[in-house]
Amino acid sequence: MSFAPKLTYKNRPLVRCGNEIYYGSMENPSVVFMQVLSTKQENGVDIADRVQVVLLSTDTTKSPQERILKTSSRTGLYSALDIGSIWLDRAEAESKKAARK
């Protein structure tokens, strides 16, 4: 039985544990790690304010420092998800291009 994520964004799985969110699949060449650094209250609900976004390689043979491909800090979760989506699209395109050579 395969894993079926409950949450997705642009057809990619989202997995959350506390203030950490993983976006993408570990089967792909890279995944986006997001950490909520601060929140703010809006209508009695905590909303992500500052989010650290990191594009990580899923290659487990590399050291943790070598696995970091890109980093950024964004205001708001949707902004973080959008930049993560762009990074994943580009990483997948580069991976396909490299596989054809």
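Q: Where is Asn 43 found?
A: In this predicted model, Asn 43 is found in the loop between E4 and E5. Helices (H or I, at least four residues) and strands (E, at least two) are DSSP runs, numbered from the N terminus.

Q: How is the model to be read?
A: Because the model is predicted, local features need pLDDT of at least 70 and side-chain atom pairs count only at pLDDT 80 or more, while totals for chains, interfaces and linings use all residues. Residues are numbered from 1 along each chain as its sequence is written, and side-chain values use heavy atoms, with hydrogens and water left out.

Q: Why does Asn 43 count as exposed?
A: Buried means under 20% relative accessible area, exposed over 50%, and partly exposed in between (1.4 Å probe, protein chains only). Asn 43 has 83% relative accessibility and therefore counts as exposed.

Q: Why does Ser 72 count as buried?
A: The relative accessibility of Ser 72 is 15%, so this residue counts as buried. Ser 72 lies in strand E6 (residues 68–75).

Q: What does Ser 72 touch, not counting residues up to four places away in sequence?
A: Contact means heavy atoms within 4.5 Å. With that sequence limit, Ser 72 touches Val 51, Gln 52, Val 53 and Trp 87.

Q: What makes a set of residues a nonpolar core?
A: The set must consist of buried Ala, Val, Leu, Ile, Met, Phe, Trp, Tyr and Cys residues joined through side-chain atoms within 4.5 Å. The largest such core here has 16 residues, and among those with the most contacts inside it are Leu 14, Tyr 23, Val 53 and Leu 81. Two or more residues each come from strand E3 (20–23), strand E4 (30–42), strand E5 (45–57) and helix H2 (77–100). H2 gives the largest share, five residues.

Q: How do you know that E2 and E3 pair?
A: Two strands pair if DSSP finds at least two bridges between them. Four bridges join strand E2 (residues 12–17) to E3, and the two run antiparallel. Arg 16 stands opposite Ile 21 in E3.

Q: Why is one side of E1 and of E6 left without a neighbour in the sheet?
A: The open sheet has six strands in the order E1-E2-E3-E4-E5-E6, with antiparallel pairing. Strand E1 (7–9) and E6 stand at the edges, and each has a single partner strand, so one side of each lacks a neighbour in the sheet.
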